[in-house]
Amino acid sequence: MGAISTGLQDCRKRIEQACRLANRQPESVRLLAVSKTFPATAVREAHQAGQRLFGESYLQEALPKLAGLADLDLEWHFIGPIQGNKTRSIAEHFGWVHSVDRFRIAQRLAEARPVERPPLNVCIQVNVSGEASKHGTPLANALALAREIVTLPGLRLRGFMCIPLATDDPDKQRQPFRQLRELFDQARAAGIQVDTLSMGMSGDLEAAILEGATIVRVGTAIFGKRDYT
Ligand SMILES: *Cc1c(COP(=O)(O)O)cnc(C)c1O
């Protein structure tokens, strides 16, 4: 068995184990394989091992990869920072965008989504305390942004995403995930029909699942260490 298929299997086991601990159904957590920096052949190998959801962060890298894999039935998620001039291409090629952090970008994605396609699934990236990346809307703005985004045709607001600072301390790992889940609960209480919490990566997916993650985004634990050179 190849390294990628072993990585996937280990990762699925971790998800099952965490679900057992959290008293959740394993089907309630979807695994997004983050293939950024890895070639199309790696995606093919993962697909052969039963993986269907893939995430990319850099549009220029992603576009040729997606084109080369068009023969496969894959669900592509854009998870990287979004520049205004990239919205058209993202809206045309992806099924999901996890990194919407301002209304203008949501509007541009909505305008660019081809009418014959189903609505683009979007999550609001939230900068919870100690966020590793500078991106994301402040927690205090997230609910207001959600109310604006649900008015846009062409988009379907699915929920929220965060990228907390990496830490090995399981209690510290859970705190930002809990904050995102509380936001999610608030949104639902306010009648906003979200169903997705995109949180947890290779190092902290268990903590995220314990706090209610419905999508975990995993790169390293599946494909190995990334080489950016
Ligand atoms: C790269 C990336 C991941 C995957 O991180 P790993 O630690 O390799 O699992 C997840 N989410 C986002 C937004 C990323 O950019």
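**Reading burial, ring pairs and contacts**

Student: Is Phe38 buried or exposed?

Tutor: Phe38 is buried, with a relative accessible area of 12%. Buried stands for under 20% relative accessible area and exposed for over 50%, with partly exposed in between, using a 1.4 Å probe and the protein chains only. Please keep in mind that this is a predicted model, in which local features need a pLDDT of at least 70 and side-chain atom pairs count only at pLDDT 80 or more, whereas totals for chains, interfaces and linings use all residues. Residues are numbered from 1 along each chain as its sequence is written, and side-chain values use heavy atoms, leaving out hydrogens and water.

Student: How many aromatic pairs does the structure hold?

Tutor: Rings of Phe, Tyr and Trp (the six-membered ring of Trp) pair if their centres lie within 6.5 Å; planes under 30 degrees apart are called stacked, over 60 edge-to-face, and the rest tilted. The structure holds 3 such aromatic pairs. One of them is stacked, formed by Phe38 and Phe223 at 5.3 Å centre to centre with 25° between the planes.

Student: How are the planes of Phe54 and Trp76 set to each other?

Tutor: Their planes stand at 40° and their ring centres are 5.7 Å apart, so this pair is tilted. The pair links strand β2 (residues 53-56), which holds Phe54, to strand β3 (residues 75-78), which holds Trp76, across 22 residues. Both Phe54 and Trp76 are buried.

Student: Which residues of helix α5 are buried?

Tutor: An α-helix has 3.6 residues a turn, so residues three or four places apart point the same way. In α5 (residues 103-112), the buried residues are Ile105, Ala106, Leu109, Ala110 and Ala112. They pack against α4 (87-93), β4 (96-100), β5 (120-127), α6 (139-149) and β7 (155-161), with contact taken as heavy atoms within 4.5 Å.

Student: What does Met161 touch?

Tutor: Met161 is found in strand β7 and is buried, with a relative accessible area of 1%. Leaving aside residues up to four places away in sequence, Met161 touches several residues, among them Ile79, His98, Cys123, Leu180 and Arg217. The C-alpha atoms of Met161 and Leu180 are separated by 7.7 Å, although these residues are 19 apart along the chain.

Student: Which residues surround the ligand?

Tutor: A residue is near a molecule if one of its heavy atoms lies within 4 Å of it, and the ligand is surrounded by residues including Val34, Lys36, Ile79, Met201, Arg217, Thr220 and Arg226. A polar side-chain atom of Arg217 lies 2.8 Å from a ligand nitrogen; a side-chain N or O atom of Thr220 is 2.5 Å from a ligand oxygen, and a polar side-chain atom of Arg226 lies 2.7 Å from an oxygen atom of the ligand. The protein covers 88% of the 390 Å² of accessible area that the ligand has on its own, areas here coming from the Shrake-Rupley method with a 1.4 Å probe.

Student: How many disulfides does the count come to?

Tutor: A disulfide is a covalent bond between the sulfur atoms of two cysteines, assigned here to a pair of cysteine sulfur atoms within 2.5 Å. By this rule the count comes to 0. The sulfur of Cys123 is 11 Å from the closest cysteine sulfur, in Cys162, too far for a bond, and Cys123 is buried at 0% relative accessible area.

Conventions:
Helices (H or I, at least four residues) and strands (E, at least two) are DSSP runs, numbered from the N terminus. A polar contact is a pair of N or O atoms within 3.5 Å; within protein, one must be able to donate a hydrogen and the other to accept it, and residues adjacent in sequence count only if both atoms are side-chain atoms.
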